[in-house]
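Here is a short briefing for a first look at a structure. Keep the view open while you read.

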There are 2 protein chains.
Amino acid sequence: MTERTLYGYWRSSAAYRVRIALNLKKLDYQQVSVNLIKNGGEQHHAHYSALNPSELVPVLIDDNLKLTQSLSIIEYLDEQYPQCPLIPSETEAKYRVKALAQDIAIDIHPINNLRILQYLAGELELTDVKKADWYRHWIEVGFHSLEKKLAQSSGHYCEGDSLSLVDLCLVPQVYNANRFNVDMNAFPIIERINNTLTMHPAFIAAAPENQPDA
Amino acid sequence: MTERTLYGYWRSSAAYRVRIALNLKKLDYQQVSVNLIKNGGEQHHAHYSALNPSELVPVLIDDNLKLTQSLSIIEYLDEQYPQCPLIPSETEAKYRVKALAQDIAIDIHPINNLRILQYLAGELELTDVKKADWYRHWIEVGFHSLEKKLAQSSGHYCEGDSLSLVDLCLVPQVYNANRFNVDMNAFPIIERINNTLTMHPAFIAAAPENQPDA
């Protein structure tokens with residue numbers, strides 16, 4: 001039986017994506033919580049830094065193979081465990097899915113990551129209001145273009161009627177948007193798909209509030 | 001013959017990555033310059049926004065297929081045009097390469113992208129000094145961990161002695177580091193590999209200063 005361990009944190013969007021993938025593929029895993037806030041951030045502690053020098057979550061250990069970067073981890077899982085495929089095999093759809101996922105995971109999420117907010121509050125001494133403006137701004141810019149793209153690609157989910165990597169990136173990003181009171185009425189397609197996805201058992205089980213370290 | 005057009009900008013790191021890939025694979029292409037600075041930024045003009053609602057470069061049109069997101073574009077090229085492979089076929093190496101490329105393209109580059117610098121200078125009224133501090137900070141954080149990872153994976157290039165997707169991300173990021181006077185003595189492996197790569201004809205031809213719109 002494969003030993004599988006996910007090093008993550010309940011509120012990390014990147015870990016959340018991987019939890020959804022593992023659940024959709026019905027893969028058992030144990031979780032190790034890396035508390036990004038307490039004790040100066042456990043991601044900076046020596047044993048975690050040795051595991052991933054980037055000092056970011058998640059890391060997945062799958063059968064002795066160490067994997068980092070959530071998009072890469074999910075592609076690995078999709079290749080190794082083809083049940084509930086998350087990346088289409090047809091060329092045009094495959095690269096549309098990868099690019100849409102990257103529109104979220106590259107163009108929105110890293111700009112609002114915890115360490116950025118810490119720099120804004122620390123080095124730049126931004127007020128909470130200005131920090132929240134920053135956060136909402138980059139989500140709104142990203143969702144504005146994503147909404148237009150989904151008007152072309154979506155059906156029941158982001159890529160037609162099939163679950164895909166894009167959906168796994170969308171739900172954690174909408175979770176963040178809601179935390180920071182982004183007005184989701186401006187993004188009806190994103191809102192509709194998110195409402196469908198968040199009722200799916202694999203997404204419910206992966207939700208931040210349902211993790212042991214929440 | 002395949003019609004192939006790259007919408008890019010000489011100084012865009014993401015376009016630079018794709019130019020290197022096209023050159024390594026010896027694929028002909030025409031370039032359309034999208035000037036990110038002049039005229040309020042041509043990426044925001046209606047005809048480009050219709051092409052890519054994200055209003056970011058690059059876009060590659062390959063035989064009528066529209067592709068966005070540089071990492072996704074390069075994976076597409078690697079699948080369609082297998083000469084000079086950029087992603088290893090063996091599982092462990094494949095996902096190491098993808099993750100290392102994402103360490104640059106997700107964890108460093110988006111935080112320092114033009115629109116971020118414009119927000120820092122505009123909405124947040126940061127001085128040029130503080131803006132440069134921001135820029136260097138995220139490169140140094142990223143290079144610090146990348147240097148440790150390359151100590152494990154690198155040979156002549158980032159992934160052993162074979163050119164890979166990581167190298168295509170590394171060179172544009174070092175170009176940015178040099179523009180902002182990051183002390184590269186702190187990163188001897190990155191510096192060594194970059195010095196090797198920037199002597200390669202495909203990388204020279206892709207360099208910002210050698211583009212028609214420079």
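A polar contact is a pair of N or O atoms within 3.5 Å; within protein, one must be able to donate a hydrogen and the other to accept it, and residues adjacent in sequence count only if both atoms are side-chain atoms. Between chain B and chain A, 20 residue pairs are in polar contact, both at pLDDT 80 or more. This is a predicted model, in which local features need pLDDT of at least 70, side-chain atom pairs count only at pLDDT 80 or more, and totals for chains, interfaces and linings use all residues. Residues are numbered from 1 along each chain as its sequence is written, chains are lettered from A and ligands numbered from 1 in the order in which they are written, and side-chain values use heavy atoms, with hydrogens and water left out.

**The interface**

- Chain B brings 44 residues to the contact, and chain A brings 44 residues. Contact means heavy atoms within 4.5 Å.
- About 4,000 Å² is buried between chain B and chain A, and carbon and sulfur atoms give 59% of that area. Buried area is the accessible area (1.4 Å probe) that two parts lose on being put together, summed over both.
- On the chain B side, Gln69(B), Tyr95(B) and Tyr119(B) lose the most area to chain A. Together they make up 16% of what that side buries.

**Salt bridges**

- A salt bridge is a side-chain nitrogen of Lys or Arg within 4 Å of a carboxyl oxygen of Asp or Glu. The rule finds 18 of them over all chains.
- Four salt bridges cross the interface of chain B and chain A.
- Lys94(B) pairs with Glu79(A) in a salt bridge, with the closest N and O atoms 2.5 Å apart. Lys94(B) lies in helix H4 of chain B and Glu79(A) in helix H3 of chain A, so this pair joins two chains. Helices (H or I, at least four residues) and strands (E, at least two) are DSSP runs, numbered from the N terminus.
- Lys94(B) is buried, at 13% relative accessible area, whereas Glu79(A) is partly exposed, at 38%. Buried means under 20% relative accessible area, exposed over 50%, and partly exposed in between (1.4 Å probe, protein chains only).
- Glu75(B), in helix H3 of chain B, and Lys98(A), in helix H4 of chain A, also form a pair that joins two chains. Their salt bridge is 2.6 Å, N to O. Both Glu75(B) and Lys98(A) are buried.
- A network of salt bridges links Glu75(A), Lys98(A), Glu75(B) and Lys98(B).
- Within chain B, Lys149(B) and Asp103(B) meet in a salt bridge of 2.8 Å, N to O. Lys149(B) is in helix H6 and Asp103(B) in helix H4, so the pair ties together parts that are 46 residues apart in sequence. Lys149(B) and Asp103(B) are both buried.

**Two helices of chain B**

- Nine of the eleven residues of H3(B) are buried, so H3(B) is largely enclosed by the rest of the structure. Among them are Ser70(B), Leu71(B), Ile74(B) and Glu75(B).
- Which residues of helix H8 (residues 188–197) of chain B are buried? They are Ile189(B), Ile190(B), Ile193(B), Asn194(B) and Leu197(B).
- Those residues cover an arc of only 125 degrees around the axis, which puts them on the same side of H8(B). The arc is that of the directions from the helix axis to the C-beta atoms.
- The cover over the buried residues of H8(B) includes helix H6 (128–153), helix H7 (165–179) and helix H9 (201–206) of chain B.

**Loops and backbone**

- Most residues other than glycine have a negative phi, and most peptide bonds are trans.
- The peptide bond from Val57(A) to Pro58(A) is cis, with omega near 5 degrees. Pro58(A) sits in the loop between helix H2 (46–51) and strand S3 (59–62) of chain A.
- In chain B, the bond from Val57(B) to Pro58(B) is cis, with omega near 5 degrees.
- Asn39(A) has a positive phi of about 55 degrees although it is not a glycine. Asn39(A) is exposed, with a relative accessible area of 56%.
- Glu55(A), in the loop between H2 and S3 of chain A, has a positive phi near 55 degrees. Glu55(A) is partly exposed, at 22% relative accessible area.
- Ser164(A) lies in the loop between helix H6 (128–153) and helix H7 (165–179) of chain A. Ser164(A) is buried, at 2% relative accessible area. Not counting residues up to four places away in sequence, Ser164(A) touches Leu86(A), Val97(A) and Glu159(A).
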